[in-house]
Structures are given as structure tokens and as C-alpha cells.
Amino acid sequence: MSVTREEVAKIASLARIRMEDAELDRMVPELNNILDWVEQLGEVDTSGVEPMTAVIPNTLRLRDDVVDAIPETSGGRRDDVLANAPAAEHGFFGVPKVIE
Amino acid sequence: MTSYTIQGATGEWEVVIGLEVHAQVTSNAKLFSGASTAFGAEPNTQVSLVDAAMPGMLPVPNRECIRQAVRTGMAIEAQINKWSRFDRKNYFYADLPQGYQISQLYHPIVGEGQLVIEADEKAGIPEDKVIGIERIHVEQDAGKLMHDQHPTMSYVDLNRTGIALMEIVSKPDMTSPAEAGAYVRKLRSILRYVGSCDGNMEQGSMRADVNVSVRKVGSSELGTRTETKNVNSVRFVMAVIEQEARRQVDLIEDGGSVVQETRLYDPDRNETRSMRSKEDAHDYRYFPDPDLLPLELEDSFIEECRASLPELPDAKRQRYENELGLTPYNARELTAEVETFGRFETLLSATASQIGKPEAKVATQVANWALSVAPGVMKSLGDEADPANATAQAQAKILAMQDKGEISGGQAKEIYEHVLRSGDDPEAIADEKGLKQVSDTGAIEAAIDEIIAANADKVEEYRGGKDKLFGFFVGQTMKAMQGKANPAVVNQILKDKLG
């Protein structure tokens with residue numbers, strides 16, 4: 001599997017990452033190297049082997065339906081949340097105008 | 001059999017409709033964080049570091065949201081998938097800080113189910129119809145954008161970001177705006193019975209994406225569909241279908257073709273228009289979310305979900321008809337909304353115990369009272385009525401007096417008016433205001449004897465076969481008794497005396 005220059009440009013644009021031509025020149029072979037490397041896994045015959053989701057037996061843990069139980073995952077910290085925003089006003093994030 | 005068709009220049013067209021309903025799950029905290037879901041808070045005050053997608057945060061699913069999705073699946077008779085998984089749906093937008101929505105594309109938690117929309121002759125639904133449901137999956141809601149607060153910026157409020165949604169995807173089984181409207185209403189009713197979504201469309205707790213395509217009547221091929229996003233009322237869902245079907249027919253007949261695209265509905269102009277800005281947004285590059293293990297449901301969890309389900313709308317309606325002997329109309333009206341049947345069942349139980357009869361014996365009387373008499377009185381009083389006075393106990397007492405023949409229907413209304421104004425005891429009101437009817441046979445007999453003596457000619461005519469005159473005697477008697485005689489007693493005595 002490999003990606004073309006057009007595909008890389010499109011993925012960058014979907015992720016809103018600006019990419020100059022010089023960067024694309026570098027990025028395309030880099031990505032293809034990574035894809036080739038991963039593709040080596042294809043050499044292993046996995047027919048009849050169940051897909052595995054984790055290397056250790058583990059199940060998804062669920063949380064109780066409690067508001068603000070743990071500070072790290074609680075609301076009520078607007079200043080923290082807005083601290084790194086390029087623009088924030090009246091408690092809102094400010095972003096370049098997007099209109100449908 | 002399609003009853004809804006569109007007459008075009010080249011013939012008749014029919015419409016194929018599928019709906020994706022997004023229902024906000026009723027829970028205290030968000031799907032993957034502990035931030036509150038309460039509506040109407042100050043902007044960004046209910047946003048955790050998880051919801052804001054700060055680096056290093058990991059999502060942990062809220063058990064209650066999973067439970068509500070499973071219970072909803074059971075309520076639509078759907079397959080519950082004991083193994084499901086979360087996927088990332090990647091797109092870039094200012095209301096989605098993660099850059100992807102955590103959703104379930106490949107392995108949804110709920111598989112195929114169905115619901116029944118009831119026949120409604122007037123609306124053009126000739127008989128009950130089963131509408132298939134493809135799946136329900138759980139996903140995150142996005143934030144809210146405000147465009148009109150600043151000249152060059154849009155404002156973003158992430159309070160809604162990360163609240164759990166159920167996306168309920170129907171099969172393309174609907175063929176008219178009326179069917180789609182009935183489907184949304186029925187789904188809303190089921191969600192509210194189950195308690196998994198408050199169904200508040202004004203606050204956006206429930207919104208629909210409407211998929212519409214058209215084809216020539218008799219054709220079995222599906223046409224190209226469009227998807228109109230975020231339609232937030234039953235009326236608008238129906239309007240979108242009408243507008244979009246007409247637009248597609250005109251387009252095709254003018255030699256064009258329908259483009260598969262996302263559209264928006266503009267209620268002010270009553271038209272849909274293309275959302276060009278999202279053109280390449282469809283390339284979602286879904287993949288399993290590496291932050292979340294597969295969701296595996298224990299049998300005990302599933303059993304608990306099943307055991308906690310309430311009686312559902314269809315079952316309740318049938319029970320009202322079969323066991324309580326209500327008319328189909330009354331049964332349907334009473335079971336449509338959670339609040340309505342709640343009030344009815346409380347009043348029914350209070351009335352039955354007040355009268356000392358089984359519920360089935362008084363259900364019709366209570367249903368008529370609850371559906372037409374009581375709301376009528378409440379409405380006629382307007383602001384003078386204090387709804388807090390409309391207790392089940394007071395209404396049950398009035399119904400009991402009426403059942404015993406102590407008061408007439410008219411007097412029941414009058415007493416209820418006083419109750420709503422003052423909150424006083426209905427029996428005390430009846431005594432004080434003299435709002436009681438006479439069942440004393442002696443007084444009624446005396447009045448009737450006088451009337452018979454004074455109208456010998458009419459008595460002759462009646463006995464000669466002019467049955468209609470019976471009404472005249474009833475009227476005269478009621479007049480003589482100043483309207484306070486028990487009509488059943490009057491009828492009986494008149495029949496005996498007139499022979």
C-alpha cells in the first residue's frame with residue numbers, strides 16, 4: 001500500500017494542516033516508508049486467527065453517572081479550558097467566522 | 001399501497017423516506033466525562049479537560065448512557081449487541097475540539113428493531129404500519145456555534161460537547177410526510193416512556209436528519225437521496241419532505257438529476273438549500289478508537305435493563321381498551337404522553353377507591369372527565385384557576401358524588417370550578433352552594449303527579465303512541481325541580497306513571 005502526493009495533500013487539507021510543496025515532497029516518501037514498514041505484518045499468515053483488540057485480557061471500564069466526581073474530568077473550570085485559546089471573549093472561544 | 005404521490009408533468013411520483021433521529025440521552029454526566037449535561041448553563045462552564053480534548057485525556061464511558069441505549073433498543077424490540085465498539089469519525093469543525101466524533105459505525109450497540117405507527121385515516125395512513133429500524137448507536141454531541149455576536153468571529157460554547165446521543169436510524173420504510181410525522185411522534189413517545197430522552201425538540205434534545213428520494217410510481221429502484229440535517233420539529237420534518245420531494249421531481253422532469261448531498265431547511269422560506277461548505281466533509285476516515293476497548297455487556301446488566309422497562313405505549317393502549325373498556329380514541333389520547341397517562345392512572349386509582357368499585361367499572365367515567373370535562377373547566381376559568389388545586393383527591397370526590405347520583409354532570413363542573421378557584425373540599429362546596437340533585441323519590445313523584453294532572457291531553461297523546469312526548473315530561477319535571485332532580489330517577493318514575 002502507498003499514498004500519492006494528491007492523497008497526502010487531501011488528508012492535510014481535511015485536517016486543516018497547511019502544507020507547502022517542499023513539505024509534501026518530503027512527506028510523501030516518509031509516509032510510504034511507514035506504510036511499507038507496517039505492511040511487513042502482512043507476511044504473517046493470520047488465517048483462522050481471531051482479531052485481537054488488546055495484548056492483555058482487559059475489558060472496558062465504565063464510570064458511574066455522577067457529575068464532577070473527579071476534578072480531572074469535571075466541568076466548572078472555564079478559565080483552564082479557555083486559557084490556551086488564541087481568542088476568547090465573554091466565556092466563549094472565538095474562531096474565524098464560519099457560516100453555513 | 002402508497003397514498004401520497006406527487007403529480008409531475010411526466011406522471012405520478014412516490015417518495016421514499018428514511019429518518020436518522022438524534023436523541024440526547026437523559027443522564028447527569030456526559031458520555032465520556034463527569035461534566036454536567038444540564039441545559040442552559042453559562043457558556044463553557046460544563047466543559048471538562050476531556051470534553052475540550054486536552055492532550056493526554058482518556059474517555060471512560062458513562063454506564064448510565066449505555067444502559068439507556070440498551071433499554072431504548074429493547075423498547076423497539078431490537079437485537080442488543082453484547083459486543084460493540086467505538087469508532088472515530090474524523091472531521092474538522094470549530095464545534096468539535098477533538099477533530100473527531102466518537103461514534104459507532106461498524107459495531108453499533110443496538111441492531112435491527114421496529115415500531116408501529118397507528119392508522120390515522122384523516123392523515124392518510126389507512127392502517128397500522130410497521131417501520132423498520134436499522135440500528136441505534138451511541139455517540140458524542142458537538143458544541144454550539146453562535147455567528148451573530150461578533151463582526152468577524154464565531155463564538156463557541158462547548159457545554160453540549162460530549163453529551164451522549166443515541167442515533168436512531170430508520171429503514172427507508174416511510175412513504176409520506178404523515179408517516180414520517182407519525183414515526184417521530186411515536187419514537188418520541190417511546191423514548192419518554194422509557195425515560196432515555198426527554199424528547200424536548202425546542203431545546204434540541206431530539207432532532208432529525210431527513211433522507212428523501214423520489215421515484216416513479218410502480219418503480220422498485222431507489223432514486224438518489226438527499227439528507228436534510230438537524231430538523232427540529234415534527235412539523236418541519238413533514239415540510240422538508242414535501243418541499244424536497246417536489247424539488248426533486250421538478251429537477252428530474254426538467255432534465256436534471258438529483259445530487260446526493262447534505263441540505264439545510266430554512267423554516268422562514270419553507271425551502272431546503274444545499275450545504276456546499278460540507279462538500280468534502282463526507283470523507284470521515286472512520287477507524288476503531290484506540291482509546292476505547294470494545295464494549296462488552298454482561299448478561300446481568302442486560303437483565304437489569306429489561307427488568308427496569310416500564311409498560312410501553314402499545315401495551316398500555318391495548319390494556320386500556322381490553323381491560324379498562326376504553327374507546328380506542330380515549331385509549332390513544334390517554335397513552336400518547338407520559339404526563340397524561342400519569343395523571344389519569346392516579347385519578348383512576350383515587351376514584352376507584354373513593355367509590356369502592358374496581359377500576360374497570362369507573363375507567364370510562366374517569367377517562368371522559370380527564371380528557372374533556374376537566375380540561376374544559378380549567379380552560380374556561382383561565383387565570384382564575386390554580387392548577388395546584390386540581391388534585392386527584394378532589395376530582396375523585398366529585399366523580400364519586402356523580403357516580404352515586406348525588407350531583408349531575410353540570411353540577412360536577414360547577415363544583416370543580418369552585419375547587420379550582422378555592423381549593424376547598426368538593427363535598428363541602430356541594431353542601432354550601434346547594435349543588436346537589438334530588439334523588440328523593442317523594443319530591444320527584446309529587447312534581448310529576450302535578451305535571452301529569454296539568455297536561456292530561458299530552459298524557460293521552462303519549463299513551464296513544466306519541467313516544468317523543470317523553471322528552472317533554474322530562475323537561476317539565478326538571479324545570480319544576482329547578483334542574484336538581486336526578487335524571488335517572490326522573491326517567492324511572494315517569495316511565496312507571498305514564499305506563
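Four strands form an open sheet in the order E1(A)-E2(A)-E9(B)-E8(B), with antiparallel pairing. Strand E1 (88-89) of chain A and strand E8 (144-146) of chain B stand at the edges, each with a single partner strand, so one side of each is left without a neighbour in the sheet. Strands (E, at least two residues) and helices (H or I, at least four residues) are DSSP runs numbered from the N terminus, and two strands pair if DSSP finds at least two bridges between them. The model is predicted: local features need pLDDT of at least 70, side-chain atom pairs count only at pLDDT 80 or more, and totals for chains, interfaces and linings use all residues. Residues are numbered from 1 along each chain as its sequence is written, chains are lettered from A and ligands numbered from 1 in the order in which they are written, and side-chain values use heavy atoms, with hydrogens and water left out.

Within this sheet, the two chains meet where E2(A) runs antiparallel to strand E9 (residues 153-157) of chain B, joined by four bridges. A:Val95 stands opposite B:Ser154 of E9(B) there. On the chain B side, E8(B) and E9(B) pair in the antiparallel sense over three bridges, and B:Lys144 stands opposite B:Asp157 in E9(B).

The size of an interface is often given as the accessible area lost when the parts come together. Chain A and chain B bury about 4,100 Å² between them, 60% of it on carbon and sulfur atoms; this buried area is the accessible area (1.4 Å probe) lost on being put together, summed over both parts. Between the two chains, 21 residue pairs are in polar contact, both residues at pLDDT 80 or more. A polar contact is a pair of N or O atoms within 3.5 Å; within protein, one must be able to donate a hydrogen and the other to accept it, and residues adjacent in sequence count only if both atoms are side-chain atoms.

Two salt bridges cross the interface of chain A and chain B, where a salt bridge is a side-chain nitrogen of Lys or Arg within 4 Å of a carboxyl oxygen of Asp or Glu. The side chains of A:Asp64 and B:Arg63 meet in a salt bridge at 2.5 Å, N to O.

Over all chains, the count comes to 43 salt bridges. Another salt bridge joins the side chains of B:Lys316 and B:Glu345 at 2.8 Å, N to O. B:Lys316 lies in helix H5 (residues 313-322) of chain B and B:Glu345 in helix H7 (residues 338-355) of chain B, so the pair ties together parts that are 29 residues apart in sequence.

Chain B also holds an open sheet of three strands, in the order E5-E4-E15 with antiparallel pairing. Its edge strands, E5 (100-103) and E15 (287-288) of chain B, each pair on one side only. Strand E4 (residues 87-90) of chain B pairs with E5(B) over four bridges, and B:Asp87 has B:Ser103 in E5(B) as its bridge partner.

Technical notes: Buried area = accessible area lost by both parts, 1.4 Å probe.
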